[in-house]
Amino acid sequence: MDESSEVRMSRRDLLIAGAVTVSGAAVPSAMAQPPQAQAGPVASHVSFSVNGKPASLKLDTRTTLLDALREHLRLTGTKKGCDQGQCGACTVIVDGRRINSCLTLAIMHEGAKITTIEGLGDKDRMHPMQAAFVRHDGYQCGYCTPGQICSAVAVLDEIRQGIPSHVSADLNAPPQPTGAEIRERMSGNICRCGAYSNILDAITEVGGGKA
Ligand code: FES
Ligand code: FES
């Protein structure tokens with residue numbers, strides 16, 4: 001074996017050794033699973049109050065509040081539209097604030113007070129907002145309506161509390177339930193049937209403003 005073949009062998013050996021080293025390092029890391037994947041879904045307990053009644057659930061930690069309400073508590077008045085925060089059909093009131101229940105995990109609401117459309121009223125004892133929606137024909141198919149009504153109730157509370165919106169002209173004066181204020185604040189609740197003008201009339205009537 002001459003000097004050049006020794007050099008060639010050395011390079012070949014080096015390449016083989018390098019390949020072995022790389023594959024030896026890469027294979028275990030590629031096969032390694034994240035701890036969660038090995039452990040499987042994680043369940044957790046959560047307790048909150050829904051429509052004045054205590055609820056205690058053991059849930060996969062990935063369960064949204066929307067699915068907890070609909071699938072676990074059978075409160076199907078809250079609707080799943082887009083399931084990604086775009087339509088407002090899933091709006092519920094949590095500790096006085098309206099939220100999209102599809103965008104939040106149930107386990108984040110330990111101890112919370114949750115109100116759904118079922119908690120606002122029923123057909124024999126309707127909430128004033130529900131009655132106004134009926135009076136003004138504020139719906140057609142009705143799919144968006146529970147979210148619209150929950151949102152509308154919280155919107156009027158926001159206005160009463162003096163919380164400004166993007167269209168509030170004077171941040172030093174309390175906002176009023178004008179058409180512009182209500183339209184802006186309700187803009188996250190989509191109605192595919194286009195019942196917007198009647199929805200606005202209903203909310204305006206309850207808010208005591210002018211559409
Ligand atoms: S279902 Fe939650 S925003 Fe559409
Ligand atoms: S009433 Fe049909 S989507 Fe609003």
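A search of the whole structure, which is a predicted model, finds 0 disulfides, a disulfide being defined as a pair of cysteine sulfur atoms within 2.5 Å. Residues are numbered from 1 along each chain as its sequence is written, and chains are lettered from A and ligands numbered from 1 in the order in which they are written. In this predicted model, local features need pLDDT of at least 70 and side-chain atom pairs count only at pLDDT 80 or more, while totals for chains, interfaces and linings use all residues; side-chain values use heavy atoms, with hydrogens and water left out.

The sheet is open and consists of 5 strands in the order 2-1-5-3-4, with mixed pairing; helices (H or I, at least four residues) and strands (E, at least two) are DSSP runs numbered from the N terminus, and two strands pair if DSSP finds at least two bridges between them. Its edges are formed by strand 2 (53–60) and strand 4 (97–100), each of which pairs on one side only. On average, and with direction ignored, neighbouring strands of this sheet are turned by 40° against each other, where axes are lines fitted to C-alpha atoms, for helices over the stretch in contact, and angles run from 0 to 180 degrees between N-to-C directions. Strand 3 (residues 91–94) and strand 5 (residues 113–115) run antiparallel and are joined by 2 bridges, and within this pairing I93 stands opposite T115 in strand 5.

Helix 3 (residues 65–72) touches strand 1 (43–50), strand 2, strand 3, strand 4 and strand 5, and its direction makes about 110° with that of strand 2. Helix 6 (residues 145–160) touches strand 3 and strand 4, and its direction makes about 40° with that of strand 3. Helix 3 is mostly covered, 6 of its 8 residues being buried; these are L65, L66, D67, A68, L69 and R70, and they pack against strand 1, strand 2, strand 3, strand 4 and strand 5. R74, which follows helix 3, has a positive phi near 60°.

Helix 6 is likewise mostly covered, with 14 of its 16 residues buried. From its first C-alpha to its last, helix 6 reaches 22 Å, close to the 22 Å expected at 1.5 Å a residue, the expected span being 1.5 Å times one less than the number of residues. Just after helix 6, G162 takes a positive phi of about 80°.

Salt bridges, each defined as a side-chain nitrogen of Lys or Arg within 4 Å of a carboxyl oxygen of Asp or Glu, number 9 by this rule. One of them is formed by the side chains of K123 and D124, at 3.8 Å from N to O; K123, at 72% relative accessibility, counts as exposed, as does D124, at 68%. In the salt bridge between E158 and R185, the closest N and O atoms are 3.6 Å apart. This pair links distant parts of the chain, E158 lying in helix 6 and R185 in helix 7, 27 residues apart, and both residues are buried.

R185 also forms a salt bridge with E181, in which the closest N and O atoms are 2.9 Å apart. E181 and R185 both lie in helix 7 and are 4 residues apart, about one turn of the helix. E181 counts as buried because its relative accessibility is 6%, and R185 counts as buried at 6%. Through salt bridges that share partners, R98, E158, E181 and R185 are joined into one network.

At 42% relative accessibility, G194 counts as partly exposed. G194 and Y139 are 55 residues apart in sequence, and their C-alpha atoms are 8.4 Å apart in space.

Methods:
Buried < 20%, exposed > 50% of the residue type's maximum accessible area, 1.4 Å probe, protein only. Contact = heavy atoms within 4.5 Å.
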